[in-house]
Amino acid sequence: MIPWSRKASGMIRLALIASLLGSVGSHSAIHAANVDEGKRVVKAAPASPSAEGIKLEAENGILKDSVSIGTEGTGYSGSGYASFQSDGSVTLTYNAAAPELYDISIGYSAPFGDKKTHLVVNGATSEVSLAAASNFVEVSGGKVMLQAGTNTIVIEPYWGYYYIDYIKLTAAAAPDDHDVKSSLTNPNATKETRALMNYLVSQYGNKIISGQQELSSIEWINQQTGKLPAIFSTDLMDYSPSRVEYGASSNEVEKMISWYKDRGGIVALCWHWNAPTGLYNEPGKEWWRGFYTEFTTFDVQYALENPDSEDYQLLIRDIDAIAFQLKRLQDAGVPVLWRPLHEAEGGWFWWGAKGSEPTKQLWRLMYDRLTNDHGLNNLIWVWNSEKADWYPGDDVVDMASIDIYNPAGDYNSISAKYESMLSLVNDKKLVALAENGPIPDPDLLQAYGADWSFFNTWTGSIINDGIVNTAAHLNKVYNHDYVITLDELPSDLYTNCDAEDSASGGGTK
Ligand SMILES: [Ca+2]
């Protein structure tokens, strides 16, 4: 029984960083960075990054294409900012004396609405959301591991039209222990559900739990690696009444019960909820595309604002139909990581098409109906969006998650998004990677302290084309000490429900 804290693992992290970068140094300092591209020369004075951080002013970087220097307005740092349109880039250079992990922040202004930027550090790209801000503000870009010598930091527009003021680097402090409780929002949760939550919390910050969408992909992983993921994820899509009307059928519930009973695994669910009505069903807009906003006329806002309408009654009909399937799982003792209304803030699914308020209202309606009317006590409610104004509330969310698809073969830890999700839930709820393309490298996850509770790789070519996730990478992941596979789940996974409600990080291994 080894007590394990996040701070203690910070020491392991430092050793990992050194081994990943292949050298060990004393402490880092910024050197004079001389960049001469014919346009401008940048000289940064030597300084320590540890105290208040080093600012690399964007206006002093190398600007390409349509990026220009702005000086209008007030509140920016230095002598101006880089004004982004839809192309170009700003390149900044930082010389580090030794390999070291840094917190990276971006000073910016986004007066034209919510934007996203790409931060490319030594060739590795991460995505950072820039919330609408008419003034200059700062946002975390997560953690970044810099190498001894020259490091290049490039900002690319992605969703452009914003102002970048500066990049700030601060020596990363050892993270605090997580403050996540294993209690569930539903006080009547079944013992299996409470036991599963206890286990998830006990592993949080210590290891990542492996997950995979669809059984066929699970079998493929087994053939490649000799291992099986701990979580089988699937979808209630074909139980949607408007699909059943067209002849759709599903046996995913049977598969989940078997995964739980015969394999002892964990079950996770999303629901590509085909719109209750308003399907076009014409070439290019077939009925089976009906969960997409563009392939239905269904208006979630109208339905919710008009409880006497047929549309509202159809929402209830659909929730009740799905309750019936979830009840079959409950009757078989199966707890479910339940992730409805996923990717709402993207707007590409009808439940998110009218903005945050209808989505939050629908989440609460579904939570109330499934929990209180249908008595479903086997659900761990997994929220799946990043923005604070979309978050339905701590009283109806058990864990938070996000879906991130890195470019093929890019196994970075997605630490910027992890830090963003930690902020969303104030580190009081578990944070998971509910869908991913390339699986983050377990060594990088540990080095960056990106403590995703679990990952869940999408199906099809994402898992089996040998490019998005190479065979060598899958073997590394599935045979890595940091990754929990099916065979490593404890025998008391569904019975250890009496553990005290202690914060994670104090758990034992
Ligand atoms: Ca500036």
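**Why these labels?**

Q: Why is valine 180 called buried?
A: Valine 180 has 24 other C-beta atoms within 10 Å, and a residue is buried if 20 or more other C-beta atoms lie within 10 Å of its own, exposed if 12 or fewer, and partly exposed in between, with C-beta atoms placed from the backbone. Valine 180 is therefore buried. A word on the source: this is a predicted model, where local features need pLDDT of at least 70, side-chain atom pairs count only at pLDDT 80 or more, and totals for chains, interfaces and linings use all residues. Residues are numbered from 1 along each chain as its sequence is written.

Q: Where does valine 180 lie, and how far is it from lysine 429 in sequence and in space?
A: Valine 180 lies in the loop between β13 and α2 (191-203); helices (H or I, at least four residues) and strands (E, at least two) are DSSP runs, numbered from the N terminus. Valine 180 and lysine 429 are 249 residues apart in sequence and 5.3 Å apart in space, C-alpha to C-alpha.

Q: What makes tyrosine 161 partly exposed?
A: Tyrosine 161 has 14 other C-beta atoms within 10 Å, so it is partly exposed. It sits in the loop between β12 (149-159) and β13 (162-171), and has a positive phi of about 70° although it is not a glycine.

Q: And is asparagine 426 buried or exposed?
A: With 9 other C-beta atoms within 10 Å, asparagine 426 is exposed. Its place is the loop between α9 (415-424) and β21 (430-436), and its phi is positive too, at about 50°, although it is not a glycine.

Q: How do you know that the largest nonpolar core lies between domain 1 and domain 2?
A: This core has 133 residues, of which Ile164, Val267, Val336, Ile380 and Trp452 touch the most other members. A nonpolar core is a set of buried Ala, Val, Leu, Ile, Met, Phe, Trp, Tyr and Cys residues joined through C-beta atoms within 7 Å. Domain 1 (6-171) and domain 2 (191-488) both give residues to it, so it lies between them; the domain bounds come from an automatic or database domain assignment.

Q: Why are α5 and α7 called roughly parallel?
A: The axes of α5 (residues 252-261) and α7 (residues 310-331) come within 10 Å and cross at roughly 20°. Angles under 35 degrees count as roughly parallel, over 145 as roughly antiparallel, 65 to 115 as roughly perpendicular and the rest as oblique, so α5 and α7 are roughly parallel to each other.

Terms used:
Axes are lines fitted to C-alpha atoms, for helices over the stretch in contact, and angles run from 0 to 180 degrees between N-to-C directions.
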